[in-house]
Amino acid sequence: MCYGKCARCIGHSLVGLALLCIIANILLYFPNGETKYASENHLSRFVWFFSGIVGGGLLMLLPAFVFIGLEQDDCCGCCGHENCGKRCAMLSSVLAALIGIAGSGYCVIVAALGLAEGPLCLDSFGQWNYTFASTEGQYLLDTSTWSQCTEPKHIVEWNVSLFSILLALGGIEFILCLIQVINGVLGGICGFCCSHQQQYDC
């Protein structure tokens, strides 16, 4: 098994996931494609935490590009031994993976809090408030109560769908970065590839 190839595969996956997180977070600012709710500050407070843009998005690109660049990164070798430098690169990727774990963890936590609190919406009394904040997330299981939010239209479905996507994407990113921590440690201890022949294949 080549640890470098595994890391690069994780890196490419993280790039795609990061882009999806950024898109999902941006969509949260425009319920039903309208911009007025963002300009009037009638969005859930957790939308403004930028969990998908920063945590699951931009912050995830750093470890992703580190993992992808492992093939060329040999830390200039070590006493003339290229494989030693590759081990150094694999161990350094663990630090990048920890940054990814922090970013994805932030994305997961904020998305979970956003789901639990529910959206900011106009209720039947004409007041803007967090209608489902006191339900402790139980509103997610009772879709008949979602009609209590009259504006923006379908805001509950919009928030639930996008925060759920961010929760899932952040969870996948977290798992991939955790795998890279293990992969990086093993690659640093055992070498870039398990055998001398694989070192040339990598």
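The model is predicted, so local features need pLDDT of at least 70 and side-chain atom pairs count only at pLDDT 80 or more, while totals for chains, interfaces and linings use all residues. Residues are numbered from 1 along each chain as its sequence is written, and side-chain values use heavy atoms, with hydrogens and water left out.

Visitor: Which residue does a disulfide join to Cys 121?

Guide: A disulfide here is a pair of cysteine sulfur atoms within 2.5 Å. The whole structure turns up 1 of these. With an S to S distance of 1.9 Å, the partner of Cys 121 is Cys 149.

Visitor: Is that disulfide left-handed or right-handed?

Guide: Look at the torsion about the S-S bond of Cys 121 and Cys 149. That angle is about -55°, so the disulfide is left-handed.

Visitor: Is Cys 149 buried or exposed?

Guide: Buried means under 20% relative accessible area, exposed over 50%, and partly exposed in between (1.4 Å probe, protein chains only). Cys 149 has 9% relative accessibility, so Cys 149 counts as buried.

Visitor: Is Phe 50 buried, partly exposed or exposed?

Guide: Phe 50 sits in the loop between α2 (36-39) and α3; helices are DSSP runs (H or I, at least four residues), numbered from the N terminus. Since its relative accessible area is 35%, Phe 50 is partly exposed.

Terms used:
Helix = DSSP H or I, 4+ residues; strand = E, 2+ residues; numbered from the N terminus.
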